[in-house]
Amino acid sequence: MSRYKLFAKYVFPSVLAFALSGVYTIVDGYFVGQSMGDTGLSAINIAFPIVSLIQCSGTGIGMGGAVLWAVKRETESPESAGKYVRATLLLLLLASAASTTGLFFLTGPVLRLFGAQGKIFVFGKEYLDVIVLGAAFQIFATGIVPIIRNNGSSFFALVVMVSGFLTNILLDYVFVWVLDMGTQGAAIATIIGQLVTTLEAFIYLLCRSLPIRGSLSEFGRIAAHICKVGIAPFGLTLSPMVSLMLINRFAMMNGGEAAVACYACIAYALTIVQMLMQGVGDGSQPLMSRYYGEGNGAQMAQTRKIAYIAAIGLSVVCNFLLFFTRGSLGELFGASKSTGILVAEVLPIFLVGLVFYAFSRITTSSFYATEKNLFSYLCVYSEPFLLLILLLALPAFLGQTGVWWSVVLSQILTAFLALALRTAEDRNR
């Protein structure tokens, strides 16, 4: 099989899966926005960073375990490599318990910290309380899929995500529109959709006889190694939501509820594009990890090059699509006419950063796929840090426009940092 066909075999299903994942994140906003207007849409938007935090913990653990399992299969015995799968599942269980017990009594204070007030606070809390109770399904759903993908079953990983996605859409329609259950109904639909994905993922583990039974000796050392690698994919998935939280806060301060509702529509659209970029990165990760474990640097570099071309190409296509459809985004999510006009005016600012975002995401994925943990940390966590610095500075001179441009400039600066680290790594190798 040629390198391009092999790349497509891994990456194409991953891109589709992450595209659906991006749509997954906006489904609740779509149904709630159409049913409840700007207030409901803003409530979901402000609550979503907590939802993302829960899902990202599963992604970080799952990706860390999957990367190491792929590498260790090339360098160690099957029994020794299998410990990484078993440790990953136990870590997912521990993270589920910690998320539910640690967050359930904090949903209210966290929403107020994010700037939620009045009805936005009430609707956001109704949504989050249900989400936190079902945290285990979200963590296992996002945590097992990377293992499936690293076992060479990218298409099945797509299937389990599609089934959960379709379940969520159907139940959103029933709970939010038919039964008029509002944000609480949207949360229940999300949890049941993730439950479907989790059950199918466990069936896969059992039917394909993956090493889920056996010794858990050295669990502490292996768990620490998994977490060390997983910190980067955790942050990579969480970073857009940290940005969302910061932007919501500063938008509320500088532009009020109208600015928050505007960014909700923009964020939903951009989430899909960002998920496509991550789909290319995470889809190529099993190949890069395998070649890294084999010591095949040339193939690893070639795979990374193809990933850059694919991700940047997708970002350019998405740029054109979003630019020419910007006038209808507000209406799509049930926003008011005035909010829709604001979305059409503001969206082109955000499109400037998409190509830079694509480059950063592929570079970061290549770093954690090959255990370059420090470089991956720098790429991941520099973006929200730079965003915070810019948000503290630019709005003082530019007002709400400064909030919007802070996002783009943080993405551009992060891309230049990623380029510098990539160049340094290539020289060292």
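Me: What does accessible surface rest on, and how much of the chain's accessible surface belongs to carbon and sulfur atoms?
Reply: Accessible areas come from the Shrake-Rupley method with a 1.4 Å probe. This is a predicted model, and the accessible surface of its chain comes to about 16300 Å². Carbon and sulfur atoms hold 69% of that area.

Me: Thanks! Which secondary structure elements does the chain have, helices or strands?
Reply: The chain has 16 helices and 0 strands. Its radius of gyration is 21 Å, close to the 22 Å that the globule rule gives for 429 residues, so the chain is as compact as a globular protein of that length. Along the principal axes, the C-alpha trace spans about 60 × 45 × 35 Å.

Me: What share of the contacts joins residues 24 or more positions apart?
Reply: Counting contacts with a separation of 6 or more, such pairs account for 84%.

Me: Now the interior: how many of the residues count as buried?
Reply: Buried means under 20% relative accessible area, and 59% of the 429 residues fall there. The largest nonpolar core has 125 residues, and those with the most contacts inside it include Tyr127, Ile144, Tyr263, Phe350 and Trp404. Helix H1 (residues 3-75) gives this core its largest share, 24 residues. Another core, of 7 residues, lies apart from it, with Tyr10, Leu287, Met288 and Met300 among them.

Me: Which residues does Trp404 touch?
Reply: Leaving out residues up to four places away in sequence, Trp404 touches Ile247, Ala259, Cys262, Tyr263, Val346, Ile349 and Phe350.

Me: And where do the charges sit on average, how many Å apart?
Reply: The mean positions of the 26 positive and 20 negative charges are 9 Å apart.

Technical notes: Residues are numbered from 1 along each chain as its sequence is written. This is a predicted model: local features need pLDDT of at least 70, side-chain atom pairs count only at pLDDT 80 or more; totals for chains, interfaces and linings use all residues. Side-chain values use heavy atoms; hydrogens and water are left out. Helices (H or I, at least four residues) and strands (E, at least two) are DSSP runs, numbered from the N terminus. The radius of gyration is taken over C-alpha atoms; the globule rule is 2.2 Å times the number of residues to the power 0.38. Buried means under 20% relative accessible area, exposed over 50%, partly exposed in between (1.4 Å probe, protein chains only). Contact means heavy atoms within 4.5 Å. Lys and Arg count as positive and Asp and Glu as negative; His and the chain ends are not counted. The place of a charge is taken as NZ of Lys, CZ of Arg, CG of Asp or CD of Glu. A nonpolar core is a set of buried Ala, Val, Leu, Ile, Met, Phe, Trp, Tyr and Cys residues joined through side-chain atoms within 4.5 Å.
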